[in-house]
Amino acid sequence: DHLVNQIAAGEVVERPVSVVKELVENALDAGAQSVVVSLEQGGKDLIRVTDDGVGIPVAELALALQRHATSKITSLDDLEQVETMGFRGEALPSIASVARLDLASRHADDPHAWSVRVRQGTISEPEPHALQQGTRVEVADLFYNTPARRKFLRAERTEFNHVDGVLRRFALGRFDVTFVLEHNGRVVARYDAADDETSRERRLRAALGDEFTAHALSIDEQRGDLSLGGWVAEPRFNRAQADRQFLFVNGRAVRDRIAAHAVRQAFQDVLFHGRHPAFVLYLGVPPSLVDVNVHPQKTEVRFRDGRAVHDFLFSSLHRALADSGTGAGAP
Ligand code: ADP
Ligand code: MG
């Protein structure tokens, strides 16, 4: 099974950011209100994710580390309508097969926390541990046992930047959860849970910078059962921020060509240049009209009626941009 896990790891785990993504998704699935991600050396030496979610009962600790031991699907029906982000039950065993993994957790029903370790595919007996309610996963020395893959890891700064980017995305996707990112013992990003205008703006600034926040147009549109919220900013304010494009469909971060095209077109039409607009958009679509395809590395959607979605996005943004007077004076 160790080998099977290592093979699966090839799909799930490419670099530190893939580990962080899986662990943070697990934390959110567990209902965490606060998620702290700590890295050493860009995550190459250590990735630690601590949450305050429901925790794992001691009797299920070892199970969580076994292949296809997901607690998130109990019937084939569930497969059809997966609400949680993770459901394959292979992230933890895959990660454990290519790193040294320590798992500590305290479930509300247990009087104290317990921890287990996985070394070379062997799971240790649970030992008492000191931890408040929630779960802490530590992943050390990624790819220590597969030197060829370890060699493919990039500079500390590069690996850190990838993690930083994915945390921005989580922070923009879940304003109700606090996220903290630490690197080499220092807090480098902090996104406090936001529930009013002021705290939302502070969070937007933390995720996207002052320039974006100062110049962003806010969007709030509804047509039939489609809705669109969020912010867009003109390309000229964001030359150096071409990667500041975030789309959430029904709360899930996705990449989608149709949506990206509609946004570009709207900018093109109003401003006469559509390159690299910065945006954070939240599209709401009835679940029956969208298929979500969750791949370990990227999430894509397929709309039943792509044209209607394109048209809604284009016309919403077009109106917002034109109304704002942005680009006034252009021929
Ligand atoms: P999946 O998320 O696809 O179910 P994982 O390998 O990521 O598979 O996790 C296996 C199981 O371990 C989960 O189904 C869940 O029961 C448990 N688990 C993992 N991480 C956490 C966490 N942070 N809090 C609570 N339970 C967790
Ligand atoms: Mg998971």
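These are my notebook entries on a predicted model.

**Ground rules.** I kept to the cut-offs set for a predicted model: local features need pLDDT of at least 70, side-chain atom pairs count only at pLDDT 80 or more, and totals for chains, interfaces and linings use all residues. Residues are numbered from 1 along each chain as its sequence is written, while chains are lettered from A and ligands numbered from 1 in the order in which they are written.

**Overall content.** I looked up the secondary structure and found ten helices and 16 strands. Both are DSSP runs numbered from the N terminus, helices being H or I of at least four residues and strands E of at least two. I then noted that 37% of the 331 residues count as buried. The scale used for this takes C-beta atoms placed from the backbone: a residue is buried if 20 or more others lie within 10 Å of its own, exposed if 12 or fewer, and partly exposed in between. Among contacts with a separation of 6 or more, 66% come from residues 24 or more positions apart. A contact here requires C-beta atoms, placed from the backbone, within 7 Å.

**Domains.** I recorded domain 1 as 2-191 and domain 2 as 207-323; such bounds come from an automatic or database domain assignment. Nine residues of domain 1 are in contact with eight residues of domain 2. On the domain 1 side, helix 1 and helix 7 each supply at least two residues, and helix 7 gives the most, with five. I sorted the residues of that side into four nonpolar, one polar and four charged. The classes are: Ala, Val, Leu, Ile, Met, Phe, Trp, Tyr, Cys and Pro nonpolar; Asp, Glu, Lys and Arg charged; the others, Gly among them, polar.

I followed an open sheet of five strands in the order 10-11-14-12-13, with mixed pairing. Two strands pair if DSSP finds at least two bridges between them. Strand 10 (217-223) and strand 13 (252-254) are the edges; each has a single partner strand, so one side of each lacks a neighbour in the sheet. The twist from one strand to the next averages 20°.

- Strand 11 (residues 226-233) and strand 14 (residues 278-284) run antiparallel and are joined by seven bridges; Ser-227 stands opposite Gly-284.
- Strand 12 and strand 14 are parallel, over five bridges, and Leu-247 has Leu-281 as its bridge partner.
- Strand 12 and strand 13 are antiparallel, with three bridges; Phe-248 is partnered by Ala-253.

I also checked what lies across the sheet: helix 7 (residues 156-173) covers strand 12 (245-249), strand 13 and strand 14, and runs at about 45° to strand 12. For angles and axes, lines are fitted to C-alpha atoms, for helices over the stretch in contact, and angles run from 0 to 180 degrees between N-to-C directions.

**Positive phi.** Most residues other than glycine have a negative phi, so I listed two exceptions. Asn-250 has a positive phi of about 50° and sits in the hairpin of strand 12 and strand 13, which has two residues between the strands. Asn-250 counts as partly exposed because it has 14 C-beta neighbours inside 10 Å. Phe-143 has a positive phi near 65° and lies in the loop between strand 7 (134-140) and helix 6 (147-150). Phe-143 is also partly exposed, with 19 other C-beta atoms within 10 Å.

**Helix 9 and helix 10.** I looked at helix 9 (residues 257-271) against helix 10 (residues 306-323): their axes come within 8 Å and cross at roughly 30°. The crossing is right-handed, meaning that the near helix is turned clockwise from the far one by less than a right angle. The contact includes Ile-258, Ala-262 and Phe-267 of helix 9, and Val-309, Leu-313 and Leu-317 of helix 10. I counted its residues as 13 nonpolar, five polar and one charged.

**Single residues.** Arg-264 is in helix 9 and is partly exposed, with 19 C-beta neighbours inside 10 Å. Its C-alpha atom is 32 Å from that of Val-188, 76 residues away along the chain. Ile-7 lies in helix 1 (residues 2-12) and is exposed, because 11 other C-beta atoms lie within 10 Å.

Note on methods: Contact = placed C-beta atoms within 7 Å.
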